[in-house]
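I opened this model to go through its helices and a handful of residues. My notes follow the order in which I looked things up.

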Amino acid sequence: MISTILLVGLVAAVFVGFNIGGSSTGIAWGPAVGAGLLRKTTAAALMTFFVFFGGWTVGRNVMDTLSGDIITMEGGIPLAAGVAVLFFIGFGILIANIFGVPVPTSMTTVGAIAGLGLATETLDFAVIGWIVSWWLVTPVIAFWIGAVIGRYLYPELNKRVEITSSEGPLLVLDRSKTVPKLSFGPNTTTGELAGTVVVLVIGCYMAFSAGASNVPNAVAPLVSSGALGDTNAIIIATIAIGVGGFTIARRTMESVGGELSEIPLLAALIVMTTAATITTALSWAGIPISLVMAMVMTIVGLGWGRATRPLTARDAVRGDTDADIAMGALKEEPRSDVTKIGEEEPNEVQDAGALFNPRAIAKYISMWIIGPSVSTGLAYAFFTALPIV
C-alpha cells in the first residue's frame, strides 16, 4: 500500500517538475535562443545541468523550509497527505497554463502546504508570515533596482554595449596543423565572442537560480514524509525538469517575453541578472520565491526608470508633470549622445509606443494572488473534509 501511494506521489512530482522545466527553460534561455546564439537542445542541456547544481546546493535550504518549517507536524507531512499536496500544486500549474502565464510554483507550493497546516492546526504562523512578507517586499525591490538601472545606467550601457550574432560559426577548429587550434569564425569579432560568453553565463546563472527555487517544489512533500531522501528527490526533480526543457520548453523559448515586452537582448540580460540574484539570495535564506515575480517587476522598473529620464526624480515619483513618459524607450533606444536627466528625449524615443502590455502585467500579478490563495483554500477544504493525516 505504501509503495503504491509513493508511486502515485512520484508521478505527481514528475508532472510538477515537467511543467516547471517547460516554463523555466524558456525564461532562462529564451533571449539567447531568440538571438540565435545557441540551439534549443543546447539550451535544454545547459538548463538541466545547472538546475541540478542549483537544487543540489542552494535548493536544499528551500527544501528544509518546505518540508519541515511551515508546519509543525511531528514526523513531517504523512506520505498520503504529501501526495495530495503535490496534486494541488499540479492543479495550480494547470490553472496558470489555461490563463497562459508562468505559474508562481513556489507560492502555489507554500499555499498547499499552508492549507494542510491550517486544517490540522499545525501551521507555524511565524514562518508563513516571514515568507509572505518577502513575497510583498520582493516586487518592490525588483522594481526599484530596475528603475535605478533604467534611469541612470541603461542609456549609457546601450550606447557602449551591442551584442550581435554574425553569420557562420562563432568558433572553428583549425585541423591543418599537427595540434588542432581553436580560432574565430570567418565573421566573428572579439566583441561578439565576449557578448556571447556573457549571454551564456547569465543563462546558466538563471538556470542555477531556477533550480535553487523550483527543484524543492516538485519533491518537498515527499521528502518531508521520509519516503524519499534529499539526494534521490533532487535527481528525480532534475530529470523531470530536464525532460520539460527538451520538450514543451521549445515553444516557450521562442515566445518568452513577447506578451510583456519586446525589449532588446541587453535589457533582457539586465532583467535576468537582477531576477536571478534576488531569487538566489532568497533561496539561500530558505525563502520559497517566484523567479517570474522578480523578472516581471524588474522589467516594469527598468522601463519606468528609462521612461522618466526627461523628468526630475521628484516629479517622476510624485507624478506632478504634464511631460510625456516614453514607455517604449527600451524598444527604440537611439545610439546617439545620451541626454542628461531632466532633458527632453529624441523623437525616436518619444514615439516608440508602449513598452509593456498593462493587461499582461495585471494578469501576472493577479496570478501571484490567485495561485497560492486557490491552493491554500483547496488544500484546507480537502484535509478538513477528509482528515487523512
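**Overall**

I began with burial: 51% of the protein's 389 residues are buried, meaning under 20% relative accessible area, with exposed over 50% and partly exposed in between (1.4 Å probe, protein chains only). The model is predicted, so I kept its terms in mind: local features need pLDDT of at least 70, side-chain atom pairs count only at pLDDT 80 or more, and totals for chains, interfaces and linings use all residues. Residues are numbered from 1 along each chain as its sequence is written, and side-chain values use heavy atoms, with hydrogens and water left out.

I counted 14 helices and two strands. These are DSSP runs numbered from the N terminus, helices being H or I of at least four residues and strands E of at least two. I then checked contacts, meaning heavy atoms within 4.5 Å. Among those between residues at least 6 apart in sequence, 81% join residues at least 24 apart.

**S106**

I found S106 in helix α5 (residues 105-120). S106 has a relative accessible area of 1%, so it counts as buried. Which residues does S106 contact, leaving aside neighbours within four places in sequence? I listed W135, S213, N214, N217, P288, I289 and S290.

I looked next for polar contacts: pairs of N or O atoms within 3.5 Å, where within protein one must be able to donate a hydrogen and the other to accept it, and residues adjacent in sequence count only if both atoms are side-chain atoms. A polar atom of the S106 side chain lies 3.0 Å from the backbone oxygen of I289. The backbone oxygen of S213 is 3.4 Å from a polar atom of that side chain.

**Helix α11**

I checked the length of α11 (residues 291-307), which has 17 residues. The expected span is 1.5 Å times one less than the number of residues. I found 17 of its 17 residues buried. At the start of α11, a side-chain oxygen of S290 comes within 3.4 Å of the backbone nitrogen of V292.

I then turned to helix α6 (residues 125-160). Its axis and that of α11 come within 6 Å and cross at roughly 35°. Axes are lines fitted to C-alpha atoms, for helices over the stretch in contact, and angles run from 0 to 180 degrees between N-to-C directions. The residues of this contact divide into 15 nonpolar, six polar and two charged. Here Ala, Val, Leu, Ile, Met, Phe, Trp, Tyr, Cys and Pro count as nonpolar, Asp, Glu, Lys and Arg as charged, and the others, Gly among them, as polar.

**Helix α3 and A220**

I listed the buried residues of α3 (residues 59-69): G59, V62, M63, T65, L66 and S67. Their cover includes α2 (40-56), α5, α6, α7 (190-225), α8 and α10 (265-284). A220 lies in α7. A220 is buried, at 0% relative accessible area. Not counting residues up to four places away in sequence, A220 touches M63, L66 and S67.

**E121**

I placed E121 in the loop between α5 and α6. Is E121 buried or exposed? It is exposed, with a relative accessible area of 75%. I noted a positive phi of about 55° for E121, which is not a glycine. Most residues other than glycine have a negative phi.
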